[in-house]
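Student: Could you give me a close look at the charged side chains in this model and at what they are attached to? I'd like one connected walk-through, please.

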Amino acid sequence: MGKIERIEVPAADRDRLESLVGDRNTSQKVVWRARIVLLAGEGLRATEVAGRVGTSTLTVRRWRRRYAQAGVDGLLKDATRPPGRQPLTAAVIQRVVAMTLHEKPPRATQWSVRSMAAVTGLSHTSVQRIWHAHGLKPHLVKTFKLSTDKPFVEKIQDVVGLYLDPPDKALVLAVDEKSQIQALDRTQPGLPLKKGRAGTMTHDDQRHGTTTLFAALDVATGTVLGTCMKRHRHQEFVRFLRVIHRNTDKRLALHLIVDNYATHKHPKVKAWLEKHPRIHLHFTPTSASWLNLVERFFALITQERIRRGAFTSVPDLERATMAYLEHHNADPKPFVWTASASAILEKVARAKQALESQH
């Protein structure tokens, strides 16, 4: 007869173990650990306990030993295990960060996780974790340009002042042209969106001409006055100024925010403005079209109507554009400008300082 492998289970421990087995909220792994100890306490051999619980004899002996060493509490949690790999040292992490920031890979302009892993001898997942922890994204780049306009500060203060503190008895309109909008049709029909599959369209297209959208965004209400024209010369700009003049309250002064496009400063434009003194032009700085709120509307119409549209002709494109304007004006929502002139100028000053420190 084999040796009986009995362990002593005090009454208090037995009550607690039976309570764990009977509690529906106890995890199953704790339940079978408690059953192992209870059966072993009755003097059953390891093979018999394993058969009743449905586990191996090695597992039975492991949890008998754990109970003998740590009691019931030792059954409630797993033993801590050392990591499969040693954690990365601070020196290794610092090396990866420094190389990412200050060095370039051979024959490339930026690091990838695998090129960095090949150089440092780490796994690509380790490199990825280091980059994530330090907020490094070498695969991304953002574009920028600092304006070299001499009256940059004055123009910023002027335009932002119109947004944040518009004059009384006046309309503030953000005006610009979205030029060279292409009437593009796809060479083949695409597939519609369905569950588990994105909609498709061909990568190539058929071009049917271009049009230019002239738009004036009412900063206060979000409504847009617009029209399409074939070209965007000073003649078309004067025509659009007439449209604005006819479609706005004659008792109000008009403050138009425009960019530095030469068309807006043409002598014939200036002559027309002299005959219509209620209209005042305010110019954004050079290379600062982001200051004109109508650019946000242009981004919206491009995203929602133009980019994924299919147009068989320029008139088709113009009809779609004007229909979008009509729909937008039925429930307009203004774009709210929040940045102060001082906040913008502080950011520009920091950017200049950073650039000068690098070059």
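Predicted model: local features only at pLDDT ≥ 70, side-chain atom pairs only at ≥ 80, totals over all residues.

Tutor: Let's start with Lys333 and Asp331, which are both exposed (that is, over 50% relative accessible area; buried is under 20%, partly exposed is in between, with a 1.4 Å probe and protein chains only). Residues are numbered from 1 along each chain as its sequence is written, and side-chain values use heavy atoms, with hydrogens and water left out.

The side chains of Lys333 and Asp331 form a salt bridge at 2.9 Å, N to O (a side-chain nitrogen of Lys or Arg within 4 Å of a carboxyl oxygen of Asp or Glu). The count by this rule is eight. Another one joins Lys155 to Asp149, with 2.8 Å between the closest N and O atoms. Lys155 and Asp149 are both buried, whereas Lys333 and Asp331 are both exposed.

Now for the pair I'd zoom in on: Arg186 and Asp205 meet through their side chains in a salt bridge at 3.9 Å, N to O. Arg186 sits in strand β1 and Asp205 in strand β2, so this contact ties together parts that are 19 residues apart in sequence (helices are DSSP runs of H or I with at least four residues, strands runs of E with at least two, numbered from the N terminus). Arg186 is buried, at 16% relative accessible area, while Asp205 counts as partly exposed at 28%. Arg207 joins in too: Arg186, Asp205 and Arg207 are linked in a network of salt bridges.

What do those strands do around the network? On one hand, β1 pairs with β2 in the antiparallel sense over eleven bridges (pairing needs at least two DSSP bridges between two strands). On the other, β1 pairs with β4 (residues 253-258) in the parallel sense over five bridges. Leu173 shows both contacts: its bridge partner in β2 is Asp218, and its bridge partner in β4 is Leu256.

Follow β2 (residues 205-218) onward and you reach β3 (residues 224-229), joined to β2 by six bridges and running antiparallel. Thr212, for example, has Met229 in β3 as its bridge partner. The two strands make a hairpin with five residues between them, and Gly222 in that turn has a positive phi of about 90°.

Arg239, Arg242, Arg246, Lys250 and Lys275 form a positive surface patch (residues with over 30% relative accessible area and no salt bridge, like charges joined within 9 Å, nonpolar side chains within 5 Å; areas are Shrake-Rupley with a 1.4 Å probe). Lys and Arg count as positive, and each charge is placed at NZ of Lys or CZ of Arg. Helix α9 (residues 234-246) supplies the largest share of the patch, three residues. Arg246 is found in α9, and at 55% relative accessibility Arg246 counts as exposed.
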